[in-house]
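Let's take a walk through this one, starting with the overall layout and then stopping at a handful of residues.

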Amino acid sequence: MLERLNQAMEYIEGHLGEEIEAAELARVAATSEYHLRRLFSALAGIPLSEYVRRRRLTLAGAEVLAGRRTLLDIAVRHGYGSGEAFARAFRAMHGVGPREARETGAALQSQPRMSFRLVVEGSSSMRYRIVEKEEFRVVGCRVTVPLVHEGVNPAIAAFIRGLGKETVQQIAQLSDQEPAGVVSVSVLPATGRAEGIDVDYYHAAVTGRPAPEGLDALPVPAGTWAVFDSSGPFPQALQYMWRDVFTQWFPSNPYESRPGPEILSTRLSPDGAHADAELWIPVVRSTP
């Protein structure tokens, strides 16, 4: 998988002056557009479209400072339809407009070319199982929060504190299949999992029952799930599990992610410092 992903990175470098379609990059990487965006974002820490934009503006910045082409020629050469659009994008990345940068020789930002490799540490194994699951519903309370990679997500913590005890008990009683009990459900955009993006979060139960009045429902179609289990300090062990799934497990196994919610079942120790958890990720087997 990483070899094909690096081929997609090479494709980007050869087509920075053209419109780069994510669907074509997915074809080069021999995966789905959805999985490519998710995997790239997890490995690189930025969305795929943002990486392409930064690479274009890095090369454009070098040409602006070189002074051999007009600013309009540089704008067109790097895929911008007008000098105004180019100037806005240039300023957003470099903090200075292209004309001012050329006149003053300003220091500009740079986005290096990326390539990927798998580092195998061998210190621990990742426990997982593959589950075929019929359609079900996620039923509970929903809120939109920013994605946080490290530490407790304050928006989620505040949301859960604001739920009444009776509401949480009502949600728990709806659970009638695995993962059992009250679970945390995240629905991420197709663009990836960069920190700070908006995520729909459900404090909910997995159930076959209809949603009672006042609760939110998310229908989930039948499909394949990869289920990972983890045990360790809370919340670090859980967040590291998410990271390791996308940066280590997917590149090493014949599966790719598919659209759908990510479901986390957590059992906290009495002092809240330790957690045993199961993470359910919707997957599909990769095409050879």
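What you're looking at is a predicted model, where local features need pLDDT of at least 70 and side-chain atom pairs count only at pLDDT 80 or more, while totals for chains, interfaces and linings use all residues. Residues are numbered from 1 along each chain as its sequence is written, and side-chain values use heavy atoms, with hydrogens and water left out.

**The chain as a whole**

The protein chain has 10 helices and nine strands, and its C-alpha atoms fill a box of roughly 70 × 45 × 35 Å along the principal axes. Of its 288 residues, 44% are buried; buried means under 20% relative accessible area, exposed means over 50%, and partly exposed is in between, with a 1.4 Å probe and protein chains only. A contact here means heavy atoms within 4.5 Å. Among contacts with a separation of 6 or more, 73% are between residues 24 or more positions apart.

As for the surface, the protein chain exposes about 14600 Å², with carbon and sulfur atoms supplying 50% of it; these areas come from the Shrake-Rupley method with a 1.4 Å probe, and for residues only the protein chains shown count as cover. On the charge side there are 30 positive and 34 negative side chains, and the centres of the two sets lie 4 Å apart. Lys and Arg count as positive and Asp and Glu as negative, leaving out His and the chain ends; each charge is placed at NZ of Lys, CZ of Arg, CG of Asp or CD of Glu.

**The core**

A nonpolar core is a set of buried Ala, Val, Leu, Ile, Met, Phe, Trp, Tyr and Cys residues joined through side-chain atoms within 4.5 Å. The largest one has 35 residues, and those with the most contacts inside it are Met9, Ile12, Val245, Phe250 and Ile281. The elements giving two or more residues to this core include α1 (2-14), α4 (48-66), β6 (223-233) and β9 (274-285). The largest share, seven residues, comes from α10. Leaving aside residues up to four places away in sequence, Ile281 touches Thr224, Trp225, Ala226, Phe228, Trp242, Val245, Phe246, Phe250 and Glu262.

**A few residues up close**

Here is how some of them sit.

| Residue | Relative accessibility | Class |
|---|---|---|
| Gln7 | 32% | partly exposed |
| Ala30 | 42% | partly exposed |
| Gln111 | 8% | buried |
| Thr224 | 16% | buried |
| Val185 | 0% | buried |
| Tyr51 | 0% | buried |

Take Tyr51 in helix α4 and Gln111 in the loop between α7 (98-104) and β1 (127-133). They're 60 residues apart along the chain, yet their C-alpha atoms are separated by 7.7 Å. Not counting residues up to four places away in sequence, the partners of Tyr51 include Met9, Ile12, Phe40 and Gln111. On the same terms, Gln111 touches Ile46, Tyr51, Arg54, Arg55, Thr58 and Met93.

Thr224 belongs to strand β6, and its side chain makes a 2.7 Å polar contact with the side chain of Glu132. (A polar contact is a pair of N or O atoms within 3.5 Å; within protein, one must be able to donate a hydrogen and the other to accept it, and residues adjacent in sequence count only if both atoms are side-chain atoms.) Another such contact, at 3.0 Å, joins the side chains of Gln7 and Arg4.

Val185 lies in strand β3. Its C-alpha is separated by 9.4 Å from that of Trp280, 95 residues apart along the chain. Setting aside residues up to four places away, Val185 touches residues including Val138, Tyr201 and Pro261.

Most residues other than glycine have a negative phi, and most peptide bonds are trans. Ala30, in the loop between α2 and α3, has a positive phi of about 55° although it is not a glycine. The peptide bond from Glu178 to Pro179 is cis, with omega near -5°.

Definitions and conventions:
Helix = DSSP H or I, 4+ residues; strand = E, 2+ residues; numbered from the N terminus.
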